[in-house]
Amino acid sequence: MSDPLSRLVGELARLPGIGPKTAGRLAHHLLRVPEAQARELAAAIVEVKEKLFHCSRCNAITAVDPCRFCADEGRDRTRICVVEEPFNIQPIERTGEFRGLYHVLLGALSPQRGIGPDELAIPQLLARLDGVEEVVLATNPNVEGEATALYLARLLRPRVAHVTRLAFGMPVGGDIEFTDEVTLARSLAGRREL
Amino acid sequence: MRFRRAEALILDVQPLGDADRIVAFLTREAGSLRGVARGARRRYSRHAGQLQLLSKVDLQWLEREGRELARVTSVELLRPADGFLGTLEGLLTASYLAESVRAFAPEGEPQELLYRLLDTTVEALLAGTGPGLATRYFEVWLLRLAGVFPFPSPCPVCGAELAGGARLVGGGESLVCAACGGPGGETVPPEALRFLAAAARLPLPRMAAEGFTAAALAAVERLATAVRRHFLQQELRSYQVMARTLQGA
Ligand SMILES: [Zn+2]
Ligand SMILES: [Zn+2]
């Protein structure tokens, strides 16, 4: 049994983007915060694990099933925007350029990391195409996201009238997460047939 | 700490934290290396567009004693690779070439020949050589450079010419005639032998004129795959993903 501090550092270091050094800094920071604040953090972590899950239709993160996007009758049900991760939805919502439904793949094709089509939520997407006229492929403009978009375009073209891709206007290498709202809105508005 | 500068081919780019990327690259003098490009995840980073799979760059980096990762300090694009990254086959091929190089090049050892092989393969792909032909040529030479894939010569056991077909034995180390090969090893059909013989003497851009059939390329792929698996004791991830992806599409 390791000591409490090493245990915390170990747990933090398992988070994405956090190395041992940052984990150590965060752990020492948490040692200094008031106990109430530490309990809030712990409770918040437990609460998301207990109350939130993936929507059974689109895989968005939600506390109710179906999620608020899938349940909203006011949204345009003839369009589906495909993203890699649940956190890619919010930036697209903020642009106000898209009023259809979403589908989260829960990843992207990643040849060098061994992630192929079978690891993605593609069958669920194919099962949702009734009445859909446009699928917008909003995967990241990097190798993984481009490969995913090109692969999906092949599967979708025979089944959907319009398969479109965001017009990033930049070479392969970017991230939707780090694209500002104005650029993202322009990419959505200027989306092109793939 | 030591500043270094070289022409490099980008082999992989991965996010690191909120702002940075880890870049794997191949150079002649310093071989295969990995480094951190600070701020490269930001959209307007001067690194962002330059760090593209298989692009050729003028790279500067800082070697740090006892650290696994170098620090990339400057990247200037010399030859973009987007010319063939626009298709699914192109992207999958690029990933496979890059992972192959990483699997066969131990980090930090000079790789003059391997660099030249990857560089000319990318050049040929950009000039329009078919991905199938280019990839087979690359595979054959990659294994050859690793010392496990002989080019055809008279059978080393009995001296017979191999033109009528051969067997690859000893985990891919020798090519012997069918009579000497016995039941073990891989069968090498005549058209695959012809490909191997041509690859031994011709540069990649001149291979296209030899008119290899799809069946010949498939035979070479089967052989190279068997030898590579035996050599690495596992299959490359990108090869598996490429097979699964193209089969479904
Ligand atoms: Zn939903
Ligand atoms: Zn013989």
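Mentor: Begin with domains. Domain bounds come from an automatic or database domain assignment. The model itself is predicted. For chain A, the assignment gives domain 1 (4–51) and domain 2 (75–193).

Trainee: How many Å separate the centres of domain 1 of chain A and domain 2 of chain A?

Mentor: The separation is 33 Å, with the centres taken over C-alpha atoms.

Trainee: What are the domains of chain B?

Mentor: Chain B is split into domain 1 (2–80) and domain 2 (85–248). Their C-alpha centres lie 28 Å apart. In the contact between them, domain 1 of chain B puts in 14 residues and domain 2 of chain B puts in 18 residues.

Trainee: Which strands supply the side of domain 1 of chain B that touches domain 2 of chain B?

Mentor: β1, β2 and β3 of chain B each give at least two residues to that side. By class, the residues on the side of domain 1 of chain B that touches domain 2 of chain B are eight nonpolar, three polar and three charged.

Trainee: Let us turn to sheets. In what order do the five strands of the barrel in chain B come?

Mentor: The order is β1-β2-β3-β5-β4 in chain B, where the five strands close into a barrel with mixed pairing. On average, neighbouring strands of this sheet are turned by 50 degrees against each other, direction ignored. Helix α2(B) packs on the sheet and touches β1, β2 (20–27) and β3 (31–37) of chain B. The direction of α2(B) makes about 120 degrees with that of β1(B).

Trainee: How many bridges join strand β1 of chain B to strand β4 of chain B?

Mentor: Eight bridges join β1 (residues 2–16) to β4 (residues 56–63) of chain B, and the two strands run antiparallel.

Trainee: What is the strand order of the open sheet in chain B?

Mentor: The three strands of chain B are ordered β7-β6-β8, with antiparallel pairing. Because β7 (174–177) and β8 (186–188) of chain B each have a single partner strand, they stand at the edges, and one side of each is left without a neighbour in the sheet. Neighbouring strands of this sheet are turned by 35 degrees against each other on average, direction ignored. Strand β6 (residues 166–169) of chain B pairs with β8(B) in the antiparallel sense over three bridges, and B:Arg167 is opposite B:Thr187 in β8(B).

Trainee: Now helix packing. At what angle do the axes of helix α2 of chain B and helix α4 of chain B cross?

Mentor: Angles under 35 degrees count as roughly parallel, and those over 145 as roughly antiparallel. The axes of α2 (residues 88–104) and α4 (residues 131–145) of chain B cross at roughly 5 degrees and come within 11 Å. That makes α2(B) roughly parallel to α4(B). Among the residues in this contact are B:Leu97 and B:Phe104 from α2(B), and B:Phe138 and B:Leu142 from α4(B). The contact of α2(B) with α4(B) has five nonpolar, four polar and one charged residue.

Trainee: Are helix α3(B) and α4(B) roughly parallel or roughly antiparallel?

Mentor: Helix α3 (residues 112–126) of chain B packs against α4(B) at an angle of about 175 degrees, with the axes 10 Å apart. The two are therefore roughly antiparallel to each other. The residues that meet include B:Leu117 and B:Leu125 in α3(B), and B:Trp141 and B:Leu145 in α4(B). By class, the contact of α3(B) with α4(B) has eleven nonpolar, one polar and no charged residues.

Trainee: Last, a single residue. Is A:Ala189 buried or exposed?

Mentor: A:Ala189 has 12 other C-beta atoms within 10 Å, so A:Ala189 is exposed. A:Ala189 belongs to helix α8 (residues 181–189) of chain A. A:Ala189 and A:Glu97 are 92 residues apart in sequence, yet 6.7 Å apart in space, C-alpha to C-alpha.

Definitions and conventions
Residues are numbered from 1 along each chain as its sequence is written. Chains are lettered from A and ligands numbered from 1 in the order in which they are written. This is a predicted model: local features need pLDDT of at least 70, side-chain atom pairs count only at pLDDT 80 or more; totals for chains, interfaces and linings use all residues. Helices (H or I, at least four residues) and strands (E, at least two) are DSSP runs, numbered from the N terminus. A residue is buried if 20 or more other C-beta atoms lie within 10 Å of its own, exposed if 12 or fewer, and partly exposed in between; C-beta atoms are placed from the backbone. Axes are lines fitted to C-alpha atoms, for helices over the stretch in contact, and angles run from 0 to 180 degrees between N-to-C directions. Angles under 35 degrees count as roughly parallel, over 145 as roughly antiparallel, 65 to 115 as roughly perpendicular and the rest as oblique. Two residues are in contact if their C-beta atoms, placed from the backbone, lie within 7 Å. Ala, Val, Leu, Ile, Met, Phe, Trp, Tyr, Cys and Pro count as nonpolar, Asp, Glu, Lys and Arg as charged, and the others, Gly among them, as polar. Two strands pair if DSSP finds at least two bridges between them.
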